[in-house]
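Here is a short briefing on one protein chain. Look at the sequence and the fold, then work through the points below.

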Amino acid sequence: MSTAAVILAAGAGTRMKSEKPKVAHEMLGKPLVTWVIDAAEEAGIERIVTIVGHKREQVEAIVAGRTEVAVQEQQRGTADAVAASRAALGKFEGSLLVLSGDCPLISSSTMRALVEEREKANAAVVVLTMQPEDPFGYGRIIRDADGAVERIVEQKDTTPEEAAVRECNSGFYCFDAQALFKALDQVGSDNAQGEYYLTDVLEICRKAGRPVRAYPAADVAECLGINTPEQLAEVERLARERAL
């Protein structure tokens, strides 16, 4: 089955306190988004679409010649960002990975594992989950009485009981492409942020009767996103350790 990937790279990254778009910051001399592209190519992903937005020309210059580009005109949430790829991938049939352009430690082996898990189960979506030391800020994986994934609840929308859940959303997914685009049409913005959440797609697909799966990350470090200079320094330290 053919595979494609969407890399989310439209955010401003205001906490980086820099004029650069977040994904243009470098780790070990290479832009963050380039690490993700390298891993996707190594995983054998046939088509890659990078979603750009904030200072798009800088990001486009980095990905030029390696990925297709789609534009998120306004920052209206992750579902809106992925929807920007519809012109490029709306007719694509197969597994579609959604990747975060600010998570440079994600590996090609994890990408392949997500694809294999989705295809084996014929699932609408497989979400990569993790159990960080401090789950604050991450969406929580809510399971039903049988242990199946029911939905993902963002931090600002959690009840106290949901906030106590340790299993979290990494922000990496593998979708059945057609199930994804069909579900995106049903995503609303009735939440604390007033945004269109990609996480809502899981519950929509489950209600449509399609399997929704979780795949636990073997290494939480792969899922670490960068929002501040301090986080960049920490991830760069981990990258140096890996290179030894």
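Leaving aside neighbours within four places in sequence, Tyr173 is in contact (heavy atoms within 4.5 Å) with Leu96, Leu97, Val98, Val125, Val126, Val127, Ile152, Leu198, Thr199 and Leu202. This is a predicted model: local features need pLDDT of at least 70, side-chain atom pairs count only at pLDDT 80 or more, and totals for chains, interfaces and linings use all residues. Residues are numbered from 1 along each chain as its sequence is written, and side-chain values use heavy atoms, with hydrogens and water left out.

**Nonpolar cores**
- A nonpolar core is a set of buried Ala, Val, Leu, Ile, Met, Phe, Trp, Tyr and Cys residues joined through side-chain atoms within 4.5 Å.
- Buried means under 20% relative accessible area (1.4 Å probe, protein chains only).
- The largest nonpolar core has 36 residues, and Tyr173, Leu198 and Val201 touch the most other members.
- Helix α7 (residues 177–184) gives the most to this core, with six residues.
- A second, separate core of 30 residues includes Cys103, Ile106, Met130 and Phe172.

**Helix α7**
- Helices are DSSP runs (H or I, at least four residues), numbered from the N terminus; strands are E runs of at least two.
- Six of the eight residues in α7 are buried.
- They are Ala177, Ala179, Leu180, Phe181, Ala183 and Leu184.
- Their cover includes α3 (78–83), α4 (86–89), β6 (95–100), β10 (168–176) and α8 (200–207).

**Helices α1 and α5**
- Val36, Ala39, Ala40 and Glu42 in α1 meet Ser108, Met111 and Arg112 in α5.

Notes
Buried < 20%, exposed > 50% of the residue type's maximum accessible area, 1.4 Å probe, protein only.
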